[in-house]
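Please read them with the structure open.

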Amino acid sequence: MARYAGVDLGGTNVRAVVADADGEIRGSDKRPVPPDLSTGLPVTDAILDCLREACLAADASPGAIEAVGVAAAGRLDPTEGIVEPTNIAVDTVPLTGPIANLVNSDRVHLHKDVAAGVIGERYHAERNPDDMVYLTISSGIGAGVTVDGSVLKGWDSNAGEVGHYAVDPEGRLTCGCGHDGHWEAYCSGANIPAYARLLWNDADRPATALPIDEEGFDAVDVFAHAREDAFAERVVDRLAEWNAMGVAGVVHAYAPLVISVGGAVALNNEELVVDPIRDRLDDLVMTNVPEVRLTEFGDDVVVRGALASALTGGTGDPADHRG
């Protein structure tokens with residue numbers, strides 16, 4: 001019996017699912033990305049092990065896999081089948097070649113994680129708008145976009161890097177990509193602590209319950225204290241302003257009917273992250289304001305999108321389902 005697989009390489013975990021031709025998931029596996037890396041090869045090995053275990057759980061051999069969808073965060077090189085990760089400390093991770101060898105099939109479809117996210121939203125949702133965006137606010141910020149029913153990939157498969165919109169003309173914070181003033185430099189989970197410290201110093205270091213001078217200070221602390229600490233509340237309010245500005249740029253660029261928001265920062269803090277975006281958009285957007293909602297698929301939206309890619313020959317279009 002034919003099987004189809006989806007793989008998601010994130011900054012913290014690797015996920016894999018194996019489904020039948022109807023798209024029903026029969027097996028899955030999840031494991032941490034290996035620590036203390038000098039090359040990307042251990043990450044590739046973890047992906048292959050994860051896929052093997054998902055096959056085992058589905059009572060299928062890797063050779064029974066007809067096609068695999070692969071999602072990864074970072075700069076893709078579709079010709080070489082590799083990713084330069086944004087959130088794993090290695091230069092490159094080989095993807096499509098080793099996976100194709102494992103499953104003995106050249107039907108391996110590589111996507112950015114956010115592109116897989118919008119595929120997952122559109123394929124698995126009860127209604128499938130032709131114009132929508134999946135926006136992740138997590139360790140990084142990015143967007144997967146469908147316009148007129150087509151997933152935007154770009155010539156090099158790297159469309160959707162909206163986290164690198166320049167939102168701060170003063171460029172006071174440097175993004176992980178090396179450029180200044182980017183949305184991601186202020187509002188991603190990895191960079192919120194640096195922004196909080198910047199605001200704290202600007203305000204002459206006011207009293208705060210945030211452990212702002214401690215080594216382990218992170219974005220979780222900011223949101224945890226936002227309802228009881230005036231300075232933390234100020235940080236969250238400023239994050240909301242940048243987020244709304246970034247989302248307004250997405251709306252003006254792509255005219256989506258729906259923006260579905262995922263990523264750990266948004267999923268864990270809907271009232272403090274997603275609700276303020278909704279509240280501010282009317283004042284920022286000159287075209288139609290879309291529905292802004294939290295993804296219903298949680299952390300699984302990307303791997304479900306990778307699976308949908310496998311089931312549709314890489315398009316992600318529900319009309320192309322091959323079951």
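1. Start with the three-stranded sheet. This open sheet runs in the order S5-S6-S7, and its pairing is antiparallel. Strand S5 (74-77) and strand S7 (93-94) form the edges, each pairing on one side only. Keep in mind throughout that this is a predicted model.

2. Look next at how S5 meets its neighbour. Strand S6 (residues 82-85) is joined to S5 by four bridges, and the two run antiparallel. In general, strands of a sheet pair through backbone hydrogen bonds, either parallel or antiparallel.

3. Now the other sheet. Five strands make up an open sheet in the order S11-S10-S9-S12-S13. Its pairing is mixed. The edges are strand S11 (150-151) and strand S13 (291-294), and each of them pairs on one side only.

4. Strand S12 (residues 258-262) and S13 run parallel, with four bridges between them. Ser260 stands opposite Arg293 of S13.

5. How is the chain divided? Domain 1 covers 2-106 and domain 2 covers 128-296. These bounds come from an automatic or database domain assignment. The C-alpha centres of the two domains are 28 Å apart. Contact between them involves five residues of domain 1 and five residues of domain 2.

6. Helix H1 (residues 41-57) packs against helix H2 (residues 96-103) at an angle of about 30°, and the axes lie 10 Å apart. Angles under 35 degrees count as roughly parallel, so H1 and H2 are roughly parallel to each other. The crossing of H1 past H2 is right-handed.

7. Which residues make that contact of H1 with H2? On the H1 side they are Thr44, Ile47, Leu48, Leu51 and Arg52. On the H2 side they are Pro98, Ile99, Leu102 and Val103. By class, seven are nonpolar, one is polar and one is charged.

8. Helix H3 (residues 113-124) and helix H10 (residues 301-311) pack at an angle of about 75°, and their axes are 7 Å apart. Are H3 and H10 roughly parallel or roughly perpendicular to each other? The range for roughly perpendicular is 65 to 115 degrees, so H3 and H10 are roughly perpendicular.

9. The H3 side of this contact consists of Asp113, Ala116, Gly117, Ile119, Gly120, Glu121, Tyr123 and His124. H10 contributes Val301, Val302, Arg304, Gly305, Ala306, Ala308, Ser309 and Leu311. The contact of H3 with H10 has eight nonpolar, five polar and three charged residues.

10. Last, helix H7 (residues 230-254) and helix H9 (residues 270-281). They pack at an angle of about 60°, with axes 9 Å apart. That angle makes H7 oblique to H9. H7 passes H9 in a crossing that is right-handed.

11. From H7, the residues in contact are Val236, Asp237, Ala240, Glu241, Asn243, Ala244, Val247 and Ala248. H9 meets them with Leu272, Val273, Pro276, Ile277, Arg280 and Leu281. Of the residues in the contact of H7 with H9, 10 are nonpolar, one is polar and three are charged.

Methods: Residues are numbered from 1 along each chain as its sequence is written. This is a predicted model: local features need pLDDT of at least 70, side-chain atom pairs count only at pLDDT 80 or more; totals for chains, interfaces and linings use all residues. Side-chain values use heavy atoms; hydrogens and water are left out. Two strands pair if DSSP finds at least two bridges between them. Axes are lines fitted to C-alpha atoms, for helices over the stretch in contact, and angles run from 0 to 180 degrees between N-to-C directions. Angles under 35 degrees count as roughly parallel, over 145 as roughly antiparallel, 65 to 115 as roughly perpendicular and the rest as oblique. A crossing is left-handed if the near helix is turned anticlockwise from the far one by less than a right angle, and right-handed if clockwise. Contact means heavy atoms within 4.5 Å. Ala, Val, Leu, Ile, Met, Phe, Trp, Tyr, Cys and Pro count as nonpolar, Asp, Glu, Lys and Arg as charged, and the others, Gly among them, as polar.
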